[in-house]
Each structure stands twice: as C-alpha cells, then as structure tokens.
Amino acid sequence: MVKKILEAMDKVVGFLIVLLLAAIWIGLFYQVVMRYVFNRPPVWTEEFSMSLMIWVTFLGMGYGVRHRMHIRMNSVIKLFSRNMQKIIAVVLNMVILGVVVRVIPFSWTYFMERSTVISTTLGVSLGVVYLCVPVGYIYLIINLIWDSVRILGGDIPQ
C-alpha cells in the first residue's frame, strides 16, 4: 500500500517537473521572440522562469533520491562488503535526513515571511515561490526514508 502511494506521488511529481520545465521553455521562447522579433521584451518572463526553476530544483531533490540519480562515491563504497555498503548507504541517507529535518522549520519561517510580499513583475505572493522549499524538503524526507527501507531490504544502490 505504501509503495503504491509513493509510486503515485512519484508519477505526479515527475509529471509536475516536466510540466514546469515545459513552462520555463515556453516562457523563455516567448521572451526571445518578443525581444528579437518585436523589440518589446516582456519584464515578467525572467522572474517567471526563475520561480519555476526553484520549484524544479526542490522537487528534483526528492525525485533524484527516489530514482537514485544523485552522485555517489561508488568506487569507494564498492571496496566494502555488501553489509557494510548497506550500512554506509543508510548512514548517508540519515545524515542528509538530519540536515533536512533541522532546516525545515527555517524554511517554513522563511516561507511565512515571504508570503506577505508581492512579486514586482508577476504580481503574486512570493509565498507561491518559497513554498517549494518546505514542500521539496518533505518530499525529500519521504524518499530518503523509503530509500533507506529499500536498502535495508537488500536493494543496494549500484
């Protein structure tokens, strides 16, 4: 049941990342056309693209953990026995988890402070942008825990 929920969440996040990247591309394409064809560059496209890229980055952290796409020091880890590889992988996940858990309250405070500020070019609350930090960290925590469960079950990262 948990695995199915995580797989569904993963599909939604993966789709959202693709959608956000497509929106970034469309916004930047629009900016280039308006700047070089019509000589009337829009002022909002840069902030729009940066805001979406921040969301892609924070969602991508958890997505990368889920699919084991982050860089690992495999050449060093493979020198150890299989049981030691499990221990190292879980300890690394727990260290990252500890840092993220420590940072989440600050990310929430930052989000709350920025929620009252309105973006100058987009005209929306900056809370929309900065909400990605706690959301991304929560998604990362879920995937770090799930990855550790997978490792302890014998699925060691290659």
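Trp25 and Phe29 sit four residues apart in helix H1 (residues 2-36), so about one helical turn separates them. Helices here are DSSP runs of H or I with at least four residues, numbered from the N terminus. This is a predicted model, where local features need pLDDT of at least 70, side-chain atom pairs count only at pLDDT 80 or more, and totals for chains, interfaces and linings use all residues. Residues are numbered from 1 along each chain as its sequence is written, and side-chain values use heavy atoms, leaving out hydrogens and water.

**Aromatic rings**
- Six aromatic pairs turn up, counting rings of Phe, Tyr and Trp (its six-membered ring) with centres within 6.5 Å.
- The ring centres of Trp25 and Phe29 are 5.3 Å apart with planes at 10°, so they're stacked (planes under 30 degrees apart).

**H2 next to H6**
- The axes of H2 (residues 45-66) and H6 (residues 132-152) come within 7 Å and cross at roughly 5°; axes are lines fitted to C-alpha atoms over the stretch in contact, with angles running from 0 to 180 degrees between N-to-C directions.
- That makes H2 roughly parallel to H6 (angles under 35 degrees).

- Just after H2, Arg68 has a positive phi of about 50°.
- Gly154 follows H6 and has a positive phi too, near 110°.

Methods:
Helices (H or I, at least four residues) and strands (E, at least two) are DSSP runs, numbered from the N terminus. Angles under 35 degrees count as roughly parallel, over 145 as roughly antiparallel, 65 to 115 as roughly perpendicular and the rest as oblique. Rings of Phe, Tyr and Trp (its six-membered ring) pair if their centres lie within 6.5 Å; planes under 30 degrees apart count as stacked, over 60 as edge-to-face and the rest as tilted.
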